[in-house]
Amino acid sequence: MTHPRSSADPKPGADTGAASLFAPLQLGDLTLPNRIVMPPLVRARSQEPEREPGARVATYYAQRASAGLIISEAVHVSPLSVSRPGGSGLHNAAQSRAWRAVTDAVHAAGGRIFQQLFHLGRKAHPTRIPGGLPPVAPSAIASDAQVPTPEGPKPFPVPRALALDEIPDLVEEFRTAIELSREAGFDGVEIHAANGFLIDQFLRDGANRRDDRYGGSIENRARFLFEVIDAAIAIFGAGRVGIRLSPHFTQDGIDDSDPIALYDHVAQALDARGIAYVHLIESDAVPAEKRFAPRLRARFSGALILAEDFTLERASAVLRDDRADAIAFGRLFIANPDLVARFRLAEPVYNAPDPDTFYIGDERGYTDYPTLA
């Protein structure tokens, strides 16, 4: 299979690997000016109780518009999928209008932005769900992690297993959110099928014990994912749809008996649909024999974005060796809104991130990190 390539030459005097980070990339329907991606970073700065982004959110994303691509924080598609206070939603027109101010600000600054959409599934908690309803999941199997609550960390409850006739309603919630994303001016959407959230719960047989058309075989367990992907393609077109996957994620009991077969199938089905990219959470520190990136790259002809604690040097080596097409940098983008400019320095200097402000607060630790200028 062929993969996206750039005809741009390295800058004179620059390291060949590092220069490839600054080469353009054709990613689906978009031409990115560089291969430096800002991944989804949940900063919990939206307004309560509306879960709408305000002016400071628009400022935050616009500050980082020099990234080749920004992928928004994970945004809930349903009022029954509710995370920490300040998390963002997209299931009504008012939220869509609020996000329009964000996309306008990013575009005015010359950037491109996709919106990541997700549903928590069993990782929601009744204390945050309207009416105290139980979370839903493909099967009545609780996450073995804990959730922060006003009374301290608590175990996730056993979710309510979805009835077969409820699943089309969930697909429709994703479809509505995708339509609202388009109305909000996003350049595309990334479907969050990672980190143990609802779509991931359907995919993995450790969390999905159904015996109907959404359980059992790999094809059945992937059915919900591809119904959502097909909804996104129908609204945005395949060239403006991406997906995030995390085959190494098992922290909350979201494991699978045959992950290689599962993700081979997913990659091939995504390739058949021609979507823009796969965004894979896989550290370069993973031993070569345990990496999923080479298998995905052999089966998927769109762009491959890698994420997970990459440094400039390691990212440059990955691109130089043609193991991915772009690299996502999380914590570095939190503290360095002008990260692209800093990467261009002969000896880059970075602001240190403040973990105390990652998920709570106001402008401090959010829009006040200094730039080179």
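Arg 297 is buried, with a relative accessible area of 8%, where buried means under 20% relative accessible area, exposed over 50% and partly exposed in between, computed with a 1.4 Å probe on protein chains only. The model is a predicted one, in which local features need pLDDT of at least 70 and side-chain atom pairs count only at pLDDT 80 or more, whereas totals for chains, interfaces and linings use all residues. Residues are numbered from 1 along each chain as its sequence is written, and side-chain values use heavy atoms, with hydrogens and water left out.

The side chain of Arg 297 meets that of Asp 322 in a salt bridge at 3.0 Å, N to O, the term standing for a side-chain nitrogen of Lys or Arg within 4 Å of a carboxyl oxygen of Asp or Glu. Because Arg 297 lies in helix α9 (residues 293-299) and Asp 322 in the loop between α10 (312-320) and β16 (326-328), the pair ties together parts that are 25 residues apart in sequence. Helices (H or I, at least four residues) and strands (E, at least two) are DSSP runs, numbered from the N terminus. Asp 322, at 34% relative accessibility, counts as partly exposed.

The structure holds 20 salt bridges, and one of them joins Arg 291 to Asp 284 at 3.6 Å, N to O, with Asp 284 counting as buried at 18% relative accessibility. These two residues belong to a network of salt bridges that links Asp 284, Arg 291, Asp 321 and Arg 323. Elsewhere, Arg 210 and Asp 212 meet through their side chains at 2.7 Å, N to O, in a further salt bridge, and Arg 210 is buried at 10% relative accessibility.

What, then, of Glu 282, which is buried yet has no salt bridge? This residue is found in the loop between β14 (277-281) and α9, and the nearest side chain of opposite charge, Arg 291, is 5.3 Å away, where Lys and Arg count as positive and Asp and Glu as negative, while His and the chain ends are not counted. A polar atom of the Glu 282 side chain does, however, lie 2.6 Å from the backbone nitrogen of Phe 292. Leaving aside neighbours within four places in sequence, Glu 282 is in contact (heavy atoms within 4.5 Å) with residues including His 248, Lys 290, Phe 292 and Phe 310.

Turning to the strands, β7 (residues 113-118) has 6 of its 6 residues buried. In a regular strand the side chains alternate between the two faces of the sheet. In β7 both faces are covered, with Ile 113, Gln 115 and Leu 117 buried on one side and Phe 114, Gln 116 and Phe 118 buried on the other. Strand β4 (residues 69-71) pairs with β7 in the parallel sense over 2 bridges, pairing requiring that DSSP finds at least two bridges between the strands, and Ile 71 has Phe 114 as its bridge partner in β7. Strand β5 (residues 75-76) likewise pairs with β7 in the parallel sense over 2 bridges, with Val 75 partnered by Leu 117. Between β7 and β12 (residues 188-192) the parallel pairing runs over 4 bridges, and Gln 115 is partnered there by Val 189.

Some backbone features remain. The peptide bond from Glu 48 to Pro 49 is cis, with omega near 0°, and Pro 49 is found in the loop between β3 (36-38) and α2 (55-63). Ala 44, placed in the loop between β3 and α2, has a positive phi near 55° although it is a residue other than glycine, and it is buried at 8% relative accessibility. Asn 195, in the loop between β12 and α5 (198-203), has a positive phi of about 60° and is not a glycine; at 18% relative accessibility Asn 195 counts as buried.

Note on methods
Polar contact = N/O pair within 3.5 Å; in protein donor to acceptor, adjacent residues only side chain to side chain.
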